[in-house]
Amino acid sequence: MADWTDCLNFGISVAKRAGEQKEVKLKSSPADLVTETDQRVEKILISAISTRYPQHRFIGEESVAAGERLQLTDSPTWIIDPIDGTVNFVHRFPFVAISIAFAVNKQTEFGIVYSCVEDKLFHAQRGRGAFLNGEPLHVSGQEDISRCVVVTEIGAERDDLALSTLTSNIFRLLKLPVHGVRALGTAAVDMCQVAMGGADAYYHIGMHCWDIAASAIIVREAGGVVTDTDGGWFDVMSRRVIAASSSAVANRIAQVIRPFPCRRDDEEPLQSGGQLTADRKCAGPLMKSDDTNKTH
Ligand SMILES: O=P([O-])([O-])O[C@@H]1[C@H](O)[C@H](O)[C@@H](O)[C@H](O)[C@H]1O
Ligand SMILES: [Mg+2]
Ligand SMILES: [Mg+2]
C-alpha cells in the first residue's frame, strides 16, 4: 500500500497556514468580499500543493464554480472546499472550516478538516485512525436512535420539493423521537461532530463532494459508518450521505428520510443558452403530496 503520509503532513501544514490568513477569521464582510476570500484561500491551497506535487489534480469548489470540469479520475486528486460555511462566515456564526480530501484510484486516502475559529484540526488517514489536534477520535457508538442527537443541514435549496422534503425529514426524525436535531452551517464540521461523539448521526442531501469527502474518512476512521441516504454504498459524487455512530443508527435514519433529486456532482453541467454553466442545482417536479407516512 502506497504511503501518502508526506502528502497528509503537507496538507495539514497548508490548511493551518491558510486558516491563519486573517481574512479567514470572523469579521464583518460583505458577501462579495467573502467570495473573494473563498477564491483566495483556494488559490493559496492549490498553488502551494501543486508546487510541491506538480502531477496531482484538483477538484476545488471555487474552480468548479468558475467553470472548471469536475472529474474524479484515478490520478492523485485533492478535493478542496476553501471555506465550508460561507454563510456562517458572512454572519459571524462561529463555525467555518477548510476541508481537504486526497483520493487515489477514486479512494480517499486522507481527509483534513480545519475548523478555523475553534482552532480544531481534524484529520484521518485510511487504516490509521482519526485525530483531533493529534488526539485519537471515536464516535459515540450509540445504537439506539431514540437516544441520538442528529445533525443535518438546511442547505441552499429553496425549491418546493427540496424544502418540503427537508422539513418532513426533520419532522419524521423528531417524531421517532430523537433527542435533538442540530445544524451548524458547515457540513464538514457537522460530520466531525459525529466523529468526536458530540453528535450521533448526520445526514444531508444536496451537498457537494468537497463539503464531505474529508469528513467522511474522518468519521469512518473514528469507528463510524458512512452510507448513502438509502443505506447503501456511499458515493462521494452522489450528493447524499448518512454518517453515523453505528450501522443500526445509519439504517434507522435511512428508513425514515426521503431524498429529493439532485444532479450528481460528476454529471455534465447544464447547457444554458448554448453555453456550459456550472449549475448543479437539485431539480425535480413539485412534490405531489406530503409523505410523512413513510416507515418509521
Ligand atoms: O458553500 P459552503 O459554505 O462551502 O458549503 C455549504 C455548507 O457545508 C452548508 O452547511 C451546507 O448546507 C451546504 O450544502 C454547503 O454547500
Ligand atoms: Mg462547503
Ligand atoms: Mg465552500
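View 1. The model shown here and in the views below is predicted.

**View 2. Helix α7 runs over residues 209–221.** At 1.5 Å a residue, its 13 residues should span 18 Å. The end C-alpha atoms are 18 Å apart, so the helix agrees with that expectation. The helix is mostly covered: 13 of its 13 residues count as buried.

**View 3. Five residues carry the UniProt annotation "binding site".** The annotation comes from an unreviewed entry and covers Glu 61, Asp 81, Ile 83, Asp 84 and Asp 211. These residues are spread over 151 residues of sequence, yet they cluster in space. The largest C-alpha distance among them is 9.6 Å.

**View 4. Glu 61 belongs to helix α3.** That helix covers residues 61–65. Glu 61 counts as buried because 23 C-beta neighbours lie inside 10 Å, and the cut-off is 20 or more. Leaving aside neighbours within four places in sequence, Glu 61 is in contact with Glu 42, Ile 80, Asp 81, Pro 82, His 208 and Trp 210. The UniProt record includes Glu 61 and Asp 81 in its "binding site".

**View 5. Asp 81 lies in strand β2.** The strand spans residues 77–84. Asp 81 is buried, with 32 other C-beta atoms within 10 Å. Not counting residues up to four places away in sequence, Asp 81 touches Glu 61, Ser 99, Ala 188, Trp 210 and Asp 211. Glu 61 and Asp 211 are also among the residues annotated in UniProt.

Notes
Residues are numbered from 1 along each chain as its sequence is written. Chains are lettered from A and ligands numbered from 1 in the order in which they are written. This is a predicted model: local features need pLDDT of at least 70, side-chain atom pairs count only at pLDDT 80 or more; totals for chains, interfaces and linings use all residues. Helices (H or I, at least four residues) and strands (E, at least two) are DSSP runs, numbered from the N terminus. The expected span of a helix is 1.5 Å times one less than its number of residues. A residue is buried if 20 or more other C-beta atoms lie within 10 Å of its own, exposed if 12 or fewer, and partly exposed in between; C-beta atoms are placed from the backbone. UniProt positions are given in the numbering used here, feature names are shortened, and annotations may be inferred rather than shown by experiment. Two residues are in contact if their C-beta atoms, placed from the backbone, lie within 7 Å.
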